[in-house]
Amino acid sequence: MALLYSLCCVSFSALVIVALYVSPVVSTSRRVLGDYGKLENGFRVTLKHVDSSKNLTKWERIQRGIKRGNHRLQRLNAMVLAASGDSAEVQAPIVAGNGEFLMDLSIGTPPNSYSAILDTGSDLIWTQCKPCTQCFDQSTPIFDPQKSSTFTKLSCSSDLCEALPQSTCSDGSCEYLYTYGDYSSTQGVMATEIFKFDSVSVPNIGFGCGEDNEGDGFSQGAGLVGLGRGPLSLVSQLKEPKFSYCLTAMDETQKSLLLMGSIASANESLGEMRTTPLIRNPSQPSFYYLSLQGITVGSTRLPIKESTFALEDNGSGGVIIDSGTTITYLEQAAFSVLKKAFILEMKLPVDTLSSTGLDLCFTLPSGSTQVEVPKLVFHFDGADLDLPAENYMIADSSSGVICLAMGGSSGMSIFGNVQQQNMLVVHDLEKETVSFIQTQCQNI
C-alpha cells in the first residue's frame, strides 16, 4: 500500500505535503479557581518552535532539530549509564532536559514575563534568578525574587524538596542541584510563586530559582517547564492528571498548543481516538514509555522481534514518546530492517551524496509533481497509528532529495515530534494512557 506525496507546494527550498483533516472548532472556556494548586477547568497555552523566529526554511529547521535530537540522545545514553551503574563518572542523578518548543508564562507579583522550554522528558520547573553567580544570556530580565511579594522559599521538609533527586538544607531552606545528561545543570533554591499561563493565574507552584545555571541549550528560553511523570512537574503539581498538545509542522504559521487539566481531554468531534497504555520504568520514572509491538511498511509487517522495543531489567531499552526530540529514533537493528523495507518500496535511487543529516534519502525524479511513498504504521499496544506521509517523509527541492525523517539509536527508541505533528496527543496520568487523534491544530 502506498500514499501519494505531492511535490506541487514549495516553501523556500523545502517541498511540503498538505493533508487535510476537517473537523469543527471546539470552544473551551478559560477559568481559574483560587484553590491551592488546583484548577477548575484548566488552561491552554500557545507554543512556539525554538527556531520559529529565525529566517530558516523547513529543511534548515529539520537539520537544526536533528542536531539537537542527537545531543538529546547522548543525554539519554548518559541517563541509562547512570541508572545501570555503568558510569563511574556520574556524580548526581541526571535527566533529559531541553526541548523543541517554548511556552510564555509570567512569574511573581508583580508578574514578570518569560519564555521557557517545554520538556516532557524532565520534571523540574525552573528559571534563572538573582543574585546570579553563573547565568546564561536571556532576552528578558532575570527574575529578582526580592521584588516579588509572593515569593516564598520551600522548607527542607516539604514534599517537593524531598522529591528532588539531589538537595541540601541551608538555614531551613531547600537548595537543589538538578543535573542533565551532558553535565549541564541548574542550582539554586526551591520556592513557590504565582505562575500565570495565558489568562490563568495559579498560586503556589513549586519551582527552582536558579542562581548557577550552566550548559548548552538553555539560552533558547529563560528556564524549563518540566511535564514529566514525577511529582515536581507542572502537571503533577496542578493535581490535574492530564495534558495534551498539538504540534504543527515546522513551516506552518499556525502555532502549536498545550492544554492542561480538564480541557486537555480529547473531543470525539475531532476524529477517531487511538489509545495505548503507558509503561512505568522505575529507573527512569519521568519518561512516558509506550509498548511498541511492531511496524508495517506498505502492506508488510516488518520482521522485527517484539522484544527489540522491550524494557530491559536494568531500565535500558524501551520506547518513549517525546515532544523534545525532532525525529523518531529506533533501536538500530529495527531501523536497519525499516531502511531496507523503504528502499524496496520507494523504487527510487538511494541518494548517497547529499549532506542532509538523515540516514536514508532518495533522489527525486526530475519534473515529477508527485512521488509514491509506502504507508507507515506504528503498532502500539491497542493503537495502530497510521501516519500521514508528511509525518515521516521530507523533500528538499534544492537538493533534489526526499528523505525518511527517522534514524537509528543504541538501546532506547524515541517517538519524535515530526511523527506527532498535526495530532492531538493526550497524556492521561490518572488512567496511565496516551491517546492520538489526527487533526489540524487550529481546530482545537
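Is D322 buried or exposed, and what is its relative accessible area? D322 is buried, with a relative accessible area of 1%. Buried means under 20% relative accessible area, exposed means over 50%, and partly exposed lies in between, using a 1.4 Å probe and protein chains only.

This is a predicted model, in which local features need pLDDT of at least 70 and side-chain atom pairs count only at pLDDT 80 or more, while totals for chains, interfaces and linings use all residues. Residues are numbered from 1 along each chain as its sequence is written, and side-chain values use heavy atoms, with hydrogens and water left out.

**The annotated positions**

The UniProt annotation "active site", from an unreviewed entry, covers D119 and D322. They are spread over 204 residues of sequence, yet they cluster in space, with a largest C-alpha distance of 8.3 Å. UniProt positions are given here in the numbering of this model, feature names are shortened, and annotations may be inferred rather than shown by experiment.

D119 is found in strand β7 (residues 112-119), and D322 in the loop between β21 (319-321) and β22 (328-331). Helices (H or I, at least four residues) and strands (E, at least two) are DSSP runs, numbered from the N terminus. D119 counts as buried, at 0% relative accessibility.

Leaving aside neighbours within four places in sequence, D322 is in contact (heavy atoms within 4.5 Å) with R72, T120, G121, I414, F415, G416, N417 and Q420.

E100 is found in the loop between β5 (94-95) and β6 (101-107). At 2% relative accessibility, E100 counts as buried.

| Side chain | Partner | Distance |
|---|---|---|
| D322 | T120, side chain | 3.1 Å |
| E100 | H49, side chain | 3.3 Å |
| E100 | R68, side chain | 2.6 Å |

**Aromatic pairs**

Rings of Phe, Tyr and Trp (its six-membered ring) pair if their centres lie within 6.5 Å; planes under 30 degrees apart count as stacked, over 60 as edge-to-face and the rest as tilted. By this rule the count comes to 15 aromatic pairs.

One of them is the edge-to-face pair of F143 and F207, at 6.4 Å centre to centre and 70 degrees between the planes. This pair links distant parts of the chain, 64 residues apart: F143 lies in the loop between β8 (126-128) and β9 (152-153), and F207 in strand β13 (residues 200-214). F143 is buried at 1% relative accessible area, and F207 is buried at 0%.

Why is the pair of F380 and F436 stacked? Their ring centres are 6.1 Å apart and their planes are at 15 degrees, so the pair is stacked. F380 in strand β26 (residues 376-380) and F436 in strand β33 (residues 433-438) are 56 residues apart, and the pair links distant parts of the chain. Both F380 and F436 are buried.

F43, F143, F151, F195, F197 and F207 form one aromatic cluster.

**T439**

T439 lies in the segment after β33 and counts as buried, at 0% relative accessibility. The C-alpha atoms of T439 and Q421 are separated by 9.1 Å, and these residues are 18 apart along the chain.

Definitions and conventions. A polar contact is a pair of N or O atoms within 3.5 Å; within protein, one must be able to donate a hydrogen and the other to accept it, and residues adjacent in sequence count only if both atoms are side-chain atoms.
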